[in-house]
Amino acid sequence: MPANRHPHRADLVLSGGGVKGIGLVGAVGALRDAGYGLERISGTSAGSLVGAVVAAGTQAGGFSAEQLREIAVSVPYRRFRDSGPIERIPLLGTAWGLARGTGLYRGDFAHAWIRDELKNLGVTTFGDLAIDADHLLPERRYRLVVTVADLTTGQLVRLPWDYRRLYGLDPDEQSVADAVRASMAIPFMFRPTTLEDAAGQRYTLVDGGVLSNFPIDSFDRPDGAEPRWPTFGVTVVPYLPAPTAQQLIPGLRLPWDGPTFLESLLTTMLVGHDQAHLNQPWVKVRAIQVDSTDVGVLDFDITPAEADVLYDKGYGAATEFLSSWDWPAYLERFRRAHYVT
């Protein structure tokens, strides 16, 4: 069937951004109100958490925009900051977590929260998010894919797509919450996670934003043919000009004064790879940019009222984007004449 026959179906790519991810939820709400059915969702870090809940909800019949708002505002963000006993000690705890590479927060509460939310929606493993689609490669027949970085092998990994190829594991049997928790493991902030392959070898996984915070090409067709429907990207991390550490993570205070190499390194790891890529016209034209500069990645003290404002910014950004979105024009300019893949 020709691609222009599906103007209101879309794949979605959600960037990382920590607490800023509330803006992602607002953008999803606007897409739902505009009548878009979401086929597949790719997420990194916070985008993986939002994407998992939305994908599970889609599998269960779909969320309304108001239901999405309620979820975004009601998340107990403060409890995501679950420091261990040593990490709670000012300065010493920060230095200890950085030196060991374990992170300031355990991430146990975030892991439990997403596991329970998904279970309530009938989703435990990726097999619960499998979709029947003849046009997809077998390893890509899932409503959700999350991006992680494998520090053991030094590569970008997309789960569940790479479970069998890299680890010899059946993707249908793997926990969605475990994959999301791995994607949320911001270096130095949340503890890395460990994955054991079929042979018993262990791998260390962290936030996929280390290698690509906004992989908007996740669902581009590998055969180079025209897409069946659009892929929209939503990003809440500022770019162009490149963000400073304080723009990205306001309130980050390491145990020494002044700009630091580590702050710059962390910022570059999370967004640097995507800076030039995002300025390309065939990328920018399908990217929804949410103004989230007033909220930091680690602003876990955000109030419900502030969360509501950020949701509205995401909703407004997506609404404005859709008002000028032209699917046939996009196809003609970027997919028919130039075959960008």
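1. Val19 touches Val295, Gly296, Val297, Leu298, Asp299, Phe300, Ile302 and Leu310, leaving aside residues up to four places away in sequence. The model is a predicted one.

2. Where does Val19 sit? It is in the loop between strand S1 (9–14) and helix H1 (22–33). Val19 is buried: its relative accessible area is 2%, and the cut-off for buried is under 20%.

3. Val19 also pairs up in space with Ala46. The two lie 27 residues apart in sequence. Their C-alpha atoms are 7.3 Å apart.

4. Ala46 leads on to the cavities. The whole structure holds three cavities of 30 Å³ or more. The largest cavity has about 330 Å³ of space. Its lining counts 23 residues, of which Gly18, Ala46, Leu49, Val50 and Tyr77 are the closest to its centre.

5. Which elements give two or more residues to that lining? They are H1, helix H2 (46–59) and helix H3 (65–74). H2 supplies the largest share, four residues.

6. The lining of the largest cavity has no charged residues. By class, 20 of its residues are nonpolar and three are polar.

7. Helix H7 (residues 176–183) is a separate point to check. H7 is mostly covered, with seven of its eight residues buried. The buried residues are Val176, Ala177, Ala179, Val180, Arg181, Ala182 and Ser183. Note that Arg181 is one of them.

8. What caps the N-terminal end of H7? Ser175 does. A side-chain oxygen of Ser175 lies 3.3 Å from the backbone nitrogen of Ala177, and Ala177 is itself buried.

Note on methods
Residues are numbered from 1 along each chain as its sequence is written. This is a predicted model: local features need pLDDT of at least 70, side-chain atom pairs count only at pLDDT 80 or more; totals for chains, interfaces and linings use all residues. Side-chain values use heavy atoms; hydrogens and water are left out. Buried means under 20% relative accessible area, exposed over 50%, partly exposed in between (1.4 Å probe, protein chains only). Contact means heavy atoms within 4.5 Å. A polar contact is a pair of N or O atoms within 3.5 Å; within protein, one must be able to donate a hydrogen and the other to accept it, and residues adjacent in sequence count only if both atoms are side-chain atoms. On a 1 Å grid over the protein atoms alone, a cavity is a set of points where a 1.4 Å probe fits but cannot get out, and a pocket is an open set with protein on both sides within 12 Å along at least five of seven lines; lining residues have an atom within 4 Å of a point. Grid points are joined across faces, edges and corners, and a volume is the space filled by probe spheres set on the points. Ala, Val, Leu, Ile, Met, Phe, Trp, Tyr, Cys and Pro count as nonpolar, Asp, Glu, Lys and Arg as charged, and the others, Gly among them, as polar.
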